[in-house]
Amino acid sequence: MDWMYLLIVLVKAVVVVALVMAVAGYAVVGERKIASWVQERPGPNRTTVPILGSIPVVGWWLRRMGFFQLWADGAKFFFKEEPTPAHVNKLYFLVAPVVAFVPAMAALSAVPFGQYVGSDGVAVPLAITNFDVGMLFVMAVSGISVFGIIMAGWASNSKYPYFSSIRASAQLISYELTIGLALLPVFMWTGGTLDLFSIVREQGGVVGGGVFGLPKWFICIMPVSALLYLVALFAESNRLPFDMAESETDLVGGFHTEYGAFKFGLFFVGEYAHMTLAAILFSVIFLGGWSIPFVSMDAMPVGLLGAVVSVGVVFVKTVILMSFIMLVRWTLPRFRYDQVMDLGWKILLPLAVVNLAVYAVILALVEG
Amino acid sequence: MIQQAATTPETFGPVLLQIVLAIAIAVGLILLSNLLGQRVAKRSSFSHTPYECGLPMTGNPHPRFGVKFFLTAMLFILFDIEVVFLFPMATVYRALLAAGIPILAPVLFFLAVLGVGLIYEIRKGALKWEGR
């Protein structure tokens, strides 16, 4: 390992973290805009900055779209009083936001965002690292963030955060089972690879023929798995309608009630980073990653243009999926807690087991 | 042709770097907000009481919680271990089929055991949340 190699890795890591934090940040603004459109109101449209805001048409449009809102909100996190109440358990109270934020960023290191085909025709993933148990790593690491929630709720020494953290942890572990079982057919299909890059490469091309041809994406090959995974993703990233940790009406603010300033901000950014990670994972595993429908993987442009195109395709799919997740939040009411647990254990889990058995039989027939 | 994924120090090093970077960002943000944050000249004694919508706190801050949560956690461990056992199966399933080794029946048997366990716990009411 020489210094050049370390520098390249560092640049890659900084770019990925910066991009994902920007996307997660703008997801907050996007969420507010979508909420306002669903509820027929204008949403954030006042915040502006001196020079950029006075550009004739663009500045006006950016202001109306709430583009500068994020800068104001972000800066505000820094200048608020940062309290550490006397009644909390200081160490865990401080560690909890970090533990909630770091796993989402760490899990990103195994996710491929695109591909680069060099002049020698070898496709290299545009990821921080390319290792062969990528998906296991992502599942294991993003599972750690539940400890952040438990720590925050316990260390706050306050009733509502405590209830919230217990509810949230029971919910998160319940839906983790569904995630594992829903992904198993994908790994069986790809013939034993757990690395996300090969899973995407597998999805180029068309399944079926003629007018019935569908892109060879896993959402077309195994729609039930995709549905299970999508529902579990909502629960795992604590999104409405599975918003048990933060059900404002009965638990004040949830596990971060006692937090302020950027300690709260880290929970907030972490939640949106988790949502971004979930959307990227879904588009990589089930929506074909950077494969364009009806274009074979080998027909994709090569070189730098190909890299830009592939990252752009993943980005578009991710943004569409995130908009869908937000639209669901503002459409459905929150479930009751027993309904959440019943859905997880009595509907999704048995369905996932049956789904796995069905694909085991199908593969045996195909190979047999 | 694709670049083969590997498991060498060179593939895990960047992961460590990413984790360190994420921790540095998180700690840096907290420190910065601590540094720049608003200072309140005299904090009221109520700043240091748990927030319960403005009323004085009543009772224990860590009250007892339902045993159902405990049961859920235990059942999770059981089922998660079964899922973990299924991962090695999934990675070799196609290769075993292609080699003509009869793997379908054992897999279905394993899934049946998992399913029977699930049905048993549902019938026992271990996952019944409403009522008692």
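**Notebook: chains A and B**

I began with V49(A), which is partly exposed, with a relative accessible area of 23%. The model is a predicted one, and I kept that in mind throughout.

*Entry: V49(A).* I looked up where this residue sits. V49(A) is placed in the loop that runs between helix 1 (3-38) and helix 2 (56-64) of chain A. Next I listed its contacts. Setting aside residues up to four places away in sequence, V49(A) touches F68(A) and W71(A). Because buried requires under 20% relative accessible area, V49(A) at 23% is classed as partly exposed. I also checked a distance to E246(A). From C-alpha to C-alpha, V49(A) and E246(A) are 33 Å apart in space, and they are 197 residues apart in sequence.

*Entry: domains of chain A.* I noted the assignment for chain A: domain 1 covers 45-79 and domain 2 covers 89-367. The centres of domain 1 of chain A and domain 2 of chain A, taken over C-alpha atoms, are separated by 31 Å.

*Entry: S291(A).* Is S291(A) buried or exposed? I found S291(A) at 2% relative accessibility, so S291(A) counts as buried. S291(A) belongs to the loop between helix 12 (261-285) and helix 13 (303-329) of chain A. I then went through the contacts of S291(A), leaving aside neighbours within four places in sequence. They are Q203(A), G204(A), W217(A), M297(A), V313(A) and K317(A).

*Entry: interface of chain B and chain A.* I turned to the contact between the chains. Chain A puts 93 residues into the contact and chain B puts in 73 residues. The area buried between chain B and chain A is about 7,300 Å², and carbon and sulfur atoms give 73% of that area. I looked for the leading contributors on the side of chain B. Q18(B), F87(B) and R94(B) supply 10% of the area that chain B buries against chain A, more than any other three residues.

*Entry: For polar contact, I recorded 7 residue pairs between chain B and chain A, both residues at pLDDT 80 or more.

*Entry: the side of chain B that touches chain A.* I asked which elements give two or more residues to this side. They are helix 1 (9-36), helix 2 (67-98) and helix 3 (104-124) of chain B. Helix 1 of chain B gives the most, with 20 residues. I sorted the residues of this side by type and had 48 nonpolar, 17 polar and 8 charged.

Conventions
Residues numbered from 1 in each chain as written. Chains lettered and ligands numbered in written order. Predicted model: local features only at pLDDT ≥ 70, side-chain atom pairs only at ≥ 80, totals over all residues. Heavy atoms only, no water. Contact = heavy atoms within 4.5 Å. Buried area = accessible area lost by both parts, 1.4 Å probe. Polar contact = N/O pair within 3.5 Å; in protein donor to acceptor, adjacent residues only side chain to side chain. Helix = DSSP H or I, 4+ residues; strand = E, 2+ residues; numbered from the N terminus. Nonpolar A, V, L, I, M, F, W, Y, C, P; charged D, E, K, R; others polar. Domains from an automatic or database assignment. Buried < 20%, exposed > 50% of the residue type's maximum accessible area, 1.4 Å probe, protein only.
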